[in-house]
Amino acid sequence: MPRALALSPHLDDAAFSCGGTLARLAAHGWTVTLCTVFTRSVTDPGGFALACQLDKGLDASVDYMALRRAEDAAACAALGVRPLWLDLPEAPHRGYPDARALFAPPLLADGVVAPLAQLLAPLLHPAPDLLLAPQAVGGHVDHVQLVRALDSVLPPDLPVLWWTDFPYSLKPHSHPARPFAARMQALPDCAVEGDAAGRLAACAAYRSQLGFQFGGAEGLARALAEAGPVERFRMAGRAPLPATWPAAA
């Protein structure tokens, strides 16, 4: 049975960006693991980290990441994939002081790349048949640091579908950064018609994020409908996609 590994910076990124493809892989008999890397619960958060929780309408006493992991488990069940959570803290817990800093170049003091690479290496040996990972469209530091860590441990012949980061891809004016643009544009484009219903069901499971990202569940449904079922990737190597999949030019 073929295996796919999807690497997601946060608990929602992969489902938002390529959930339809993950659901279609699972429906075609693949064993799919969705590994999210920044999922650590932090007791007594303060400053910007606490603000990121409060602006979602959550009280300071709530274990924010435990809530998000539960949402991710529900999303993965909707996709038919297995969740895996790595114990690393999100950027607001690593010294990034505000929202602007999240989309600026990574801090020199941010030492997360090395420990992340150490955690990723065992997941890639033996290598899965297919890896899905972010292009870091929008330049969020957690996305960028994941790509940097992955680069140091990625097997040279592993097929990779580099997914387009959604919803940042919808906001080129507010999130213009494309830190790996030259590299990604050198790879062939791959467009797959995903399982739109599966993607919507999975994305809707991240209830704590919907108001902040989309203005609510209706806004999520509208954004996904406007984006359409086609999910776009940059493809490294020859991805072993099932021949029976609907594909888009």
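**Stop 1: helix α1**

Select Gly 29, which takes a positive phi of about 90° just after α1. This is a predicted model: local features need pLDDT of at least 70, side-chain atom pairs count only at pLDDT 80 or more, and totals for chains, interfaces and linings use all residues. Residues are numbered from 1 along each chain as its sequence is written, and side-chain values use heavy atoms, with hydrogens and water left out.

Now select α1, residues 13–27. Helices (H or I, at least four residues) and strands (E, at least two) are DSSP runs, numbered from the N terminus. α1 has 15 residues and reaches 20 Å from its first C-alpha to its last, close to the 21 Å expected at 1.5 Å a residue. The expected span is 1.5 Å times one less than the number of residues.

Where does α1 bend? Go to Gly 19: the bend there is about 80°. That bend is the angle between axes fitted to the seven residues ending at a residue and the seven starting there.

Colour by accessibility next. Of the 15 residues in α1, 14 are buried. Buried means under 20% relative accessible area, exposed over 50%, partly exposed in between (1.4 Å probe, protein chains only).

**Stop 2: the salt bridges**

How many salt bridges does the structure hold? There are 9. The criterion is a side-chain nitrogen of Lys or Arg within 4 Å of a carboxyl oxygen of Asp or Glu.

Select Arg 68 and Asp 12. Their side chains meet in a salt bridge, 3.0 Å from N to O. Arg 68 sits in helix α3 and Asp 12 in the loop between β1 (3–8) and α1, so the pair ties together parts 56 residues apart in sequence. Arg 68 is buried at 3% relative accessible area; Asp 12 is buried at 5%.

Glu 90 lies in the loop between β3 (82–85) and α4, so its pairing with Arg 68 in α3 ties together parts 22 residues apart in sequence. Show Asp 12, Arg 68 and Glu 90 together: they are linked in a network of salt bridges.

Move to Lys 56 and Asp 55. Their closest N and O atoms are 2.9 Å apart, in another salt bridge. Lys 56 counts as buried at 18% relative accessibility, whereas Asp 55 is partly exposed at 43%.

**Stop 3: the largest pocket**

The largest pocket holds about 640 Å³ of space. Of its 35 lining residues, select the closest to the centre: Cys 52, Lys 56, Tyr 64, Glu 90 and Gln 209. On a 1 Å grid over the protein atoms alone, where a 1.4 Å probe fits, a pocket is an open set with protein on both sides within 12 Å along at least five of seven lines; lining residues have an atom within 4 Å of a point. A volume is the space filled by probe spheres set on the points, which are joined across faces, edges and corners.

Which element gives the most to this lining? It is α2, with 4 residues.

**Stop 4: the second largest pocket**

This pocket has a volume of about 200 Å³. Among its lining residues are Ser 17, Phe 166, Arg 199 and Glu 231. Finish on strand β7 (residues 230–236), which gives the most to the lining, with 3 residues.
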